[in-house]
Amino acid sequence: MPDKPALVKCLVWDLDNTLWQGTLLEDPNVQLSSEIRDVITTLDSRGILQSIASKNDYDLAWQRLEDLGIAEYFVLPRIGWGRKSDSVTAIADKLIFALSAIAFIDDMPSERAEVTFHAPDIRCYAADQALALPALPEFSPAVVTVDARRRREMYQASFRRDAEKESFTGPDEGFLRSLDLEMHIKRADKEDLSRVEELTLRTSQMNATGVHYSDEDLLSLLADPAHEVLTVTLTDRFGPHGAVGVLLLEYRQAVWHLRLLATSCRVVSFGAGAVIIGWLIDQAAQAGAHLAADFRPTERNRMMDIAYRFAGFTNDQCECLGQLEPMSDHGDIQCLHLVAARQPAPSTMRLISPDLAAGQAPGDQAG
Ligand SMILES: [Zn+2]
């Protein structure tokens, strides 16, 4: 008989489409199957600790875990926007476990690859293996002590509070480059619009205004030379991520007005929002135009606010803003402003995009 593999002392779960069915930011009522619940309670009864590494809003995700009645099973949850390898290794550090005693389960191959890239000793499992875990030898200790449950509660008492205070770092350039990311920004056609509508409807977290544009609204703008409707798709070496962003841009004489920017929460960690904003700033700079961007702070789009501020947008006044139509029916929308300067090409992905500036040269816009 071959050597029994080392026992897993802590299993770290991804949430969306792994622990529960669906994506929390798109469906607040994501469901937990009874089979997964059984896996959680079975592993817990064996004294195997369980934790979470999820890219999600902490408060929303933790609330959902509590509503599902399973929050108590997890120690040191890491729910935020940082690298999963950082999350999983931090959990191991806090528990003072070797990485070889940690297992990680996630539906996304890119996330498992990211963990393996930085921490090859961690054993990674695909989401569709979840129900099979309790039967694997590495999850089957020969002896289960009677105080296994008490041990978990002891860890929880000391660590749960600390976990909420953890701050996360941004995406790692070396890892992102290893993914062979390719972003396509293109002018939308009719077929793109259904995907676009879904994005503006569902990405409340990364929608700068929270304003929903129907596909009829956008369709009417496709043929209008004063407007651009742009879609963003992303692929990496594991395959396509599909439509991940939409922009609605209106050209004015001295200013380009970004009326809608929404990106999928699935690609936040790839820095997609910053790449899109950087590209647009560079295009405006080439055309000699200022940029204005509608923004309405909500409880869920802080990431978008950070992206705009990081790119240099401010609340400063400028003459160019007088050219914009006031958004009378959405009175709480702010108009952020930026004097565009040329930007370097993105260092983490290949970008294929239309040349907006060619049609909007400074000479065309004079007056
Ligand atoms: Zn201006």
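User: What makes two strands count as paired in this predicted model?

Analyst: At least two bridges between them, as found by DSSP. The model is predicted. By that pairing, seven strands form an open sheet, in the order 11-10-9-8-7-6-12. The pairing is mixed.

User: What makes strand 11 and strand 12 edge strands?

Analyst: Each pairs on one side only. Strand 11 covers 334-338, and strand 12 covers 349-352. Neighbouring strands of this sheet are turned by 25° against each other on average, direction ignored.

User: Why are strand 10 and strand 11 called paired?

Analyst: The cut-off is at least two bridges.

User: Why are strand 7 and strand 8 called a pair?

Analyst: They are joined by 10 bridges against a cut-off of at least two, so they are a pair. This pairing is antiparallel too. Histidine 227 has glutamate 250, in strand 8, as its bridge partner. A hairpin of two residues links strand 7 to strand 8.

User: Which helix lies across strand 9, and at what angle?

Analyst: Helix 9, residues 272-287, runs at about 165° to strand 9 (255-263). Helix 9 also lies across other strands, including strand 6 (181-187), strand 7 (227-236) and strand 8 (239-251).

Technical notes:
Residues numbered from 1 in each chain as written. Predicted model: local features only at pLDDT ≥ 70, side-chain atom pairs only at ≥ 80, totals over all residues. Helix = DSSP H or I, 4+ residues; strand = E, 2+ residues; numbered from the N terminus. Axes fitted to C-alpha atoms, helices over the stretch in contact; angles between N-to-C directions. Contact = placed C-beta atoms within 7 Å.
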